[in-house]
Amino acid sequence: MARVWIEDRIGHAAYMRAVSEAKRVGRTPPGRYRVRWYGPDGRPKMKTLARKVDADAERLKVESRLNDGPYRDPAAARAKFAEIADSWLAAQIHLKRSTRNRYRAFWTSM
């Protein structure tokens with residue numbers, strides 16, 4: 001069973017300072033509830049939400065993904081386009097050299 005928990009930050013001094021600062025400058029205050037868990041790699045992960053209902057739903061979602069196996073680290077979605085494009089291009093063995101060069105020139109100009 002995966003360990004996923006909700007942390008209420010109402011008693012944290014740093015959170016209270018951030019809330020008062022946000023109110024002072026007219027911004028939305030930071031989320032009160034923090035969903036925390038350990039990923040399959042053992043590293044701690046977290047997501048901050050404003051409402052307890054949303055935090056409970058997120059906790060259940062993460063817990064189910066960790067237990068069922070289709071968990072994907074949200075940070076892994078931040079891969080660079082060029083890295084993905086290079087690996088895709090390497091897998092396209094049927095392309096001519098000129099087409100490969102054209103594709104590479106196109107995405108390096110972006």
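Start your tour by selecting Tyr33 and Leu49: Tyr33 stands opposite Leu49, which belongs to strand β3. Before going on, note that this is a predicted model, in which local features need pLDDT of at least 70, side-chain atom pairs count only at pLDDT 80 or more, and totals for chains, interfaces and linings use all residues. Residues are numbered from 1 along each chain as its sequence is written, and side-chain values use heavy atoms, with hydrogens and water left out.

**The strands**

Now colour β2 and β3, where β3 covers residues 44-49. These two strands pair in the antiparallel sense over 6 bridges. Strands here are DSSP runs of E with at least two residues, helices are runs of H or I with at least four residues, and both are numbered from the N terminus. Two strands count as paired if DSSP finds at least two bridges between them.

Next, follow the chain from β2 into β3. This hairpin has 5 residues between its strands, and Gly42 takes a positive phi near 90°.

β1 and β2 run antiparallel and are joined by 5 bridges. Pick Glu7 and look across: Arg34 in β2 stands opposite Glu7. A salt bridge here is a side-chain nitrogen of Lys or Arg within 4 Å of a carboxyl oxygen of Asp or Glu. Side chains of opposite charge can pair when their charged atoms come close. In total, the structure holds 9 salt bridges.

**Two aromatic pairs**

How many aromatic pairs are there to find? The count comes to 2. Rings of Phe, Tyr and Trp (its six-membered ring) pair if their centres lie within 6.5 Å; planes under 30 degrees apart are stacked, over 60 are edge-to-face, and the rest are tilted.

Select Trp5 and Tyr38 for one of them. This pair is tilted, with 5.8 Å from centre to centre and 40° between the planes. The pair links distant parts of the chain: Trp5 sits in strand β1 (residues 4-8) and Tyr38 in strand β2 (residues 33-38), 33 residues apart. Buried means under 20% relative accessible area, exposed over 50%, and partly exposed in between (1.4 Å probe, protein chains only).

Then move to Trp88 and Tyr103. They form a tilted pair as well, 6.0 Å centre to centre with 45° between the planes. Trp88 lies in helix α3 (residues 81-91) and Tyr103 in helix α4 (residues 97-108), so this pair ties together parts 15 residues apart in sequence. Trp88 is partly exposed at 40% relative accessibility, and Tyr103 is partly exposed at 35%.

Go back to Trp5 for a moment and show Arg3. Arg3 lies over the face of Trp5, at 4.2 Å from the ring centre. For a charge to sit over a ring, NZ of Lys or CZ of Arg must be within 6 Å of the ring centre and within 35 degrees of the ring normal.

**Salt bridges along helices**

Turn to helix α1 (residues 13-25), where Glu21 and Arg24 are 3 residues apart, so about one helical turn separates them. The two form a salt bridge, their closest N and O atoms being 2.7 Å apart. Glu21 is partly exposed at 34% relative accessibility, whereas Arg24 is exposed, with a relative accessible area of 60%.

Helix α2 (residues 52-68) holds Lys52 and Asp56, 4 residues apart, about one turn of the helix. Their side chains meet in a salt bridge (3.9 Å, N to O). Lys52 is partly exposed at 38%, and Asp56 is partly exposed at 28%.

Stay in α2 and select Arg59 and Glu63, again 4 residues apart. Their salt bridge has its closest N and O atoms 3.6 Å apart.

**Last stop: a surface patch**

Finally, show the surface and select Phe81, Phe106 and Met110, a nonpolar patch with about 400 Å² of accessible area together. Met110 lies in the segment after α4 and counts as exposed at 65% relative accessibility. Patches are made of residues with over 30% relative accessible area and no salt bridge; like charges are joined within 9 Å, and nonpolar side chains (Val, Leu, Ile, Met, Phe, Trp, Tyr) within 5 Å. Accessible areas come from the Shrake-Rupley method with a 1.4 Å probe, and for residues only the protein chains shown count as cover.
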